[in-house]
Amino acid sequence: MNKQKFIDKFLIAFMILAVFKIIGIAAQLFHESFWSVVGTLVIFLVVAFIIMIVITALKDKEQNRKNSGRKGSGSGNFYLETSLFDRIRNKYEELAEKYIAEKDYKKAAKVYMNLLQDNFRGAKTLENGGFYNEAAAVYLKKLNNKSEAASCYEKAKQYKKAIDLYKEMQQKEKVGDLYKELNDLKNAHNYYQMVADDYTANSQMVKASLVYSKKMELPEEAQKILLKGWNEDKDAFNCLNNYFANVFDVKKLETEIQNLYQKTPSYKKTIYLEAMKHEFKKDPKLQTVIRSIAYEIIAEKVGTRSEIINELKHFNPDDNVILKDISRFKTGRNKMLRN
């Protein structure tokens, strides 16, 4: 078969397929709105016209090549076909971009899905155009992408549909958030409790406390879980630091600092000292109590950890004398070690 016959048959085959497609679209008139079907017909007529132009141009190019006397080859056929499909694809891309520029997102999505066979870009185009339910349907049915579908249902405020998908994906916090949007606080708290329990089981006490305080609005439960983390050495410093951060009354904070220190075992006092460096900066009213605790810890630990003497400067930031005392202590310590 020569190239001319191949091109003619290709054109005929395409036109037959186009006719069947148009017949199929017309059959949808009973199920879709009139203008929706008309829009689809227009797309295919434009596409058919584009393809005819491309094929005609390629035929002319092939004829000119023959007239120039160059010999054909198998690779020539391949080049012809590749060039044809590349040009058609580029025309489809241009058509989709034109529809997007005109904010006709549904037509652009049809070009991506039906002509370019790119369902993801089709769904994303619908989503960008605000057609969230339609986009969700494409994500689910054609791409099996539950995460994107759930996100679209959420944007469409179809919370129950989104909840079902988030449950399937075991995204418990999102389920709780959406139940909260529906003002179903009982179910919201049930799912938040699951999230907090999961964090606790994984020793992520600070994250668990944030669920209690921010999501469930239970500050006392948040403090309990932080104390549990401190007492059980599960991210101890961050638990203690966050525990103090949640006490906003200065007098109460002073009492908490003193009481917790009295219960702190010796091996954790250096961690407590580190936390005191943060608390010292909060309020001048706390500084006397905190400085006293710091001195006590430093005095207890200096025999085995001489470098801890440097911590004194954090509790006396404006005292130049203390800096000189630290320097003298370090010099004397070094001399003693050398001897």
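Predicted model: local features only at pLDDT ≥ 70, side-chain atom pairs only at ≥ 80, totals over all residues.

**Notes on helix packing and cores**

1. The residues of H10 that are buried are Ala-188, Tyr-191, Tyr-192, Val-195, Ala-196 and Thr-200.

2. The length of H10, which covers residues 185-201, agrees with expectation, because its 17 residues at 1.5 Å a residue should span 24 Å and its end C-alpha atoms are 24 Å apart. Just after H10, Ser-203 takes a positive phi of about 60°.

3. Helix H15 (residues 269-280) packs with H16 at an angle of about 150°, and their axes are 10 Å apart. Since angles over 145 degrees count as roughly antiparallel, H15 is therefore roughly antiparallel to H16. The crossing of the two helices is left-handed, and the residues of H15 that meet H16 include Tyr-272, Leu-273 and Met-276, while those on the H16 side include Ile-290, Ile-293 and Ile-297.

4. The largest nonpolar core holds 62 residues, of which Phe-244, Ile-257, Tyr-272, Met-276 and Ile-293 touch the most other members. Helix H16 (residues 287-301) gives the most to this core, with 6 residues. Apart from this core lies another, of 11 residues, among them Tyr-99, Val-111, Leu-115 and Leu-116.

5. Which residues does Met-276 contact, leaving aside its neighbours within four places in sequence? Met-276 is in contact with Phe-244, Ile-257, Ile-290, Ile-293 and Phe-315 when those neighbours are left aside.

How values were computed:
Residues numbered from 1 in each chain as written. Heavy atoms only, no water. Core = buried A, V, L, I, M, F, W, Y, C linked by side-chain atoms within 4.5 Å. Buried < 20%, exposed > 50% of the residue type's maximum accessible area, 1.4 Å probe, protein only. Helix = DSSP H or I, 4+ residues; strand = E, 2+ residues; numbered from the N terminus. Contact = heavy atoms within 4.5 Å. Expected span 1.5 Å × (residues − 1). Axes fitted to C-alpha atoms, helices over the stretch in contact; angles between N-to-C directions. Parallel < 35°, antiparallel > 145°, perpendicular 65-115°, else oblique. Left-handed = near helix turned anticlockwise from the far one by under 90°.
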